[in-house]
Amino acid sequence: MLVMAIETSCDETAAAVVRDGREVLSSVISSQTEFHKKYGGIVPEVAARKHIEVISPVIKEAMETAKAGFRELDAVAVTCGPGLVGSLIVGLSAAKAIAWSINKPLIGVNHLEGHIYANFLNPNLKLQTSKQKAKDNHQKPNFPFVCLLVSGGHTMIIKVNGHGVYQTLGRTRDDAAGEAFDKVARFLGLGYPGGPVIDRLAKEGNPKAVKFTRPLPDGYDFSFSGIKTGVVNVKSRDPGLTTRDIVASFQQAVVDVLVDKAVRAALDHGCQTMTLAGGVSANSLLRSQLEARGEDAGLKVVIPPFEYCTDNAAMIASAGFYKYINSSFVIRHSSLSLEAVASLRLE
Ligand code: KG4
Ligand code: ZN
């Protein structure tokens with residue numbers, strides 16, 4: 001089954017074609033980061049306009065790279081929330097027009113669900129011959145699994161009991177993890193987005209230079225505003241500290257808290273598999289520490305391929321595929337009246 005997907009929830013215009021939920025035939029991403037940099041964050045109105053400018057060429061390139069014609073598609077998947085409503089509408093309108101013109105189902109996908117399904121994509125199937133494809137060696141997560149979902153807007157621990165069956169175990173009480181990276185980077189004058197810069201700089205710093213407190217609210221909830229304020233305080237108290245040491249210590253504190261709670265959630269809930277999702281899952285320390293600590297605890301750890309951690313449409317196609325083929329879903333596909341919902345929930 002061939003699914004073309006569109007993702008425009010934030011500042012990335014993306015389209016992808018994926019076969020059977022796992023084989024990525026194309027994944028095109030046009031990033032607007034350069035336009036938003038000077039404002040230190042995303043300007044919703046600018047984001048919506050930029051999506052309009054590039055949506056058609058991005059879809060065209062995705063179809064051409066996949067060597068697919070519109071009539072060969074079996075369905076069109078699209079992110080319908082959560083996200084910036086003006087941005088979501090651009091992707092939704094394009095997806096509806098294509099689905100209507102080829103008379104194929106339209107599948108609305110929750111952006112967070114898309115991030116979770118990045119774990120099902122198999123980079124080893126990409127551009128291989130059919131003989132090699134028989135060796136599908138990227139491990140799929142087994143149900144039930146725990147997913148640590150960490151992005152710019154969300155930080156959650158979710159128990160995934162089956163396709164489309166989610167149970168939120170914990171969430172942040174203040175900033176999302178990615179938001180904390182972005183705010184700390186902005187405070188230190190490192191630019192936007194903060195995550196990748198901090199990840200790079202932290203490699204040259206001492207993670208033990210500053211001992212930030214690790215806030216551990218009850219259960220599986222998180223709180224990052226204290227660590228963020230800690231960065232501000234330490235900078236004014238000790239101006240001699242290098243930025244490298246501050247960000248290495250900050251990153252270590254955030255990763256310690258995330259990994260600790262995610263491993264505990266998996267063990268407490270009898271899950272043998274743990275997965276990672278969302279833009280912050282691109283973080284090198286988080287990836288290596290979750291893998292090491294999870295495996296020490298006897299868990300199977302599945303981490304999305306690096307290129308599908310931050311926003312992309314391949315993950316939306318995968319979620320759309322599994323949503324469509326899974327008969328336990330009440331609504332198998334969406335109608336053309338599908339709406340953008342800025343604060344769409346997962347459960
Ligand atoms: O999932 P995503 O692309 O967009 C949202 O749905 O929010 O996540 C973007 C977030 C940003 O906050 C960005 O700073 C963070 O992911 N991020 C990272 C890294 N790469 C992206 N955070 C830490 N380390 C990274 N390498
Ligand atoms: Zn995202």
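Author: The C-alpha centres of domain 1 and domain 2 lie 26 Å apart. This is a predicted model, where local features need pLDDT of at least 70, side-chain atom pairs count only at pLDDT 80 or more, and totals for chains, interfaces and linings use all residues. Residues are numbered from 1 along each chain as its sequence is written, and side-chain values use heavy atoms, with hydrogens and water left out.

Reader: Which residues make up domain 1 and domain 2?

Author: Domain 1 is 2–123 + 307–325, and domain 2 is 141–304. Those bounds come from an automatic or database domain assignment.

Reader: How many residues are in contact?

Author: On the domain 1 side 18 residues touch 26 residues of domain 2, with contact meaning heavy atoms within 4.5 Å.

Reader: And what area do they bury?

Author: About 1,700 Å² between the two domains, 70% of it on carbon and sulfur atoms. Buried area is the accessible area (1.4 Å probe) that two parts lose on being put together, summed over both. In domain 1, Ile116, Asn119 and Cys309 lose the most area to domain 2, together 36% of what that side buries.

Reader: How many salt bridges between the domains?

Author: The count is 0, where a salt bridge is a side-chain nitrogen of Lys or Arg within 4 Å of a carboxyl oxygen of Asp or Glu.

Reader: Which helices give two or more residues to the domain 1 side?

Author: Helix H1 (33–37) and helix H4 (111–117) do; helices here are DSSP runs (H or I, at least four residues), numbered from the N terminus. H4 gives the most, with 5 residues.

Methods. Chains lettered and ligands numbered in written order.
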